[in-house]
Amino acid sequence: MKYSDNCTVVDHPLVKHKLTLMRRKDTSTASFRALLQEISLLLAYEATRDLKLTEELIETPMAQMNAPVLEGKKLVLVAILRAGQGILDGMLQLVPSARIGHIGLYRDPKTLSAVEYYYKVPNQLADRDVIVCDPMLATGNSAVAALTRIKRSKPGSLRFMCLLACPEGLANLREHHPDVHVITAAVDEKLNEHGYIVPGLGDAGDRLFGTR
Ligand code: URA
């Protein structure tokens, strides 16, 4: 379902049900982790919808045919540390040959802007389709910084996949990267004064890694 020019909400009963389980504050770490993996796989189906195809001559046991196969270089998935790692596991079930990158950012307490502390992506991003993953699109500052950094390598296409977004994060992304489409399971009401999504699900990293 199209939410706005730059955002698609995956409108599916399984996604909605699993997201509700994740939001519950008494959901265990193990369940949260498994559910994130399951939802990510379902979101990945939508996030990869536009991948280009070519045809290859194959032989079935019955006949030859020109059959569709993915065109071009392998897809690249980039996780924003640390919670983005939780999305990768589900996506890799669907696209096991994808190449993986990681980007680490922290928020400068004085300026509140995102500062990069780690960046490791596959060597040649040029012309590849890249999907950046982070469960929560909150202020959008990390997403904007990650996308800006990745664009320096001139990827063929760039998308952003998250579990939850909010209007403020989507507006920030649209302002800085109007060309990047967001795929999410839901768009929540708002950000609170601490930069958390409301009603949200709390701190995705803490819930995923059991550090709360
Ligand atoms: N990061 C989170 O983990 N949760 C939020 O609500 C916002 C940012």
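1. Asp127 sits in the loop between β7 (114-120) and β8 (129-133). Its phi is near 70°, a positive value in a residue other than glycine. Bear in mind throughout that this is a predicted model.

2. Is Lys154 buried or exposed? It is exposed, because 12 other C-beta atoms lie within 10 Å.

3. Arg82 is found in the loop between β5 (76-81) and α3 (84-94), and the unreviewed UniProt entry includes Arg82 under "binding site". Another cis bond joins Val198 and Pro199, with omega about 0°. Pro199 is in the loop between β15 and α6.

4. Now the ligand. Which residues surround it? They are Met136, Ala138, Gly195, Tyr196, Ile197, Gly200, Asp203, Ala204 and Gly205. By class, this shell splits into five nonpolar residues, three polar and one charged.

5. The "binding site" annotation in UniProt, from an unreviewed entry, lists Arg82, Arg107, Asp134, Pro135, Met136, Leu137, Ala138, Thr139, Gly140, Asn141, Ser142 and Asp203. Met136, Ala138 and Asp203 are among the residues around the ligand in the model, and they are also among the positions in the UniProt list.

6. Asp203 has 14 C-beta neighbours inside 10 Å, so it counts as partly exposed.

7. Asn141, one of the positions UniProt lists, is in helix α4 (residues 141-151). It counts as partly exposed because it has 19 C-beta neighbours inside 10 Å, while buried would take 20 or more. Setting aside neighbours within four places in sequence, Asn141 is in contact with Ser113, Ala114 and Asn172.

8. For the sheets, take the eight-stranded one to begin with. This sheet is open, its pairing is mixed, and the strand order is β1-β2-β12-β10-β8-β5-β6-β7. At the edges are β1 (2-4) and β7, each pairing on one side only. From one strand to the next, the twist averages 25°. Helix α3 packs on this sheet and touches β5, β6 (99-107), β8 and β10. The direction of α3 makes about 150° with that of β5.

9. Within that sheet, how many bridges join β2 to β12? Three bridges link β2 (residues 7-9) to β12 (residues 181-184), and the two strands run parallel. Val9 stands opposite Thr184 in β12.

10. There is also an open sheet of three strands, ordered β9-β11-β13 with parallel pairing. Its edge strands are β9 (136-137) and β13 (186-187), each of which pairs on one side only. Strand β11 (residues 164-165) is joined to β13 by two bridges, again running parallel, and Leu164 stands opposite Ala186 in β13. Edge strand β9 (136-137) takes us back to the ligand, since Met136 is one of the residues surrounding it.

Key:
Residues numbered from 1 in each chain as written. Predicted model: local features only at pLDDT ≥ 70, side-chain atom pairs only at ≥ 80, totals over all residues. Near = placed C-beta within 6 Å. Nonpolar A, V, L, I, M, F, W, Y, C, P; charged D, E, K, R; others polar. UniProt positions renumbered as here; feature names shortened; annotations may be inferred. Helix = DSSP H or I, 4+ residues; strand = E, 2+ residues; numbered from the N terminus. Contact = placed C-beta atoms within 7 Å. Pairing = 2+ DSSP bridges. Axes fitted to C-alpha atoms, helices over the stretch in contact; angles between N-to-C directions.
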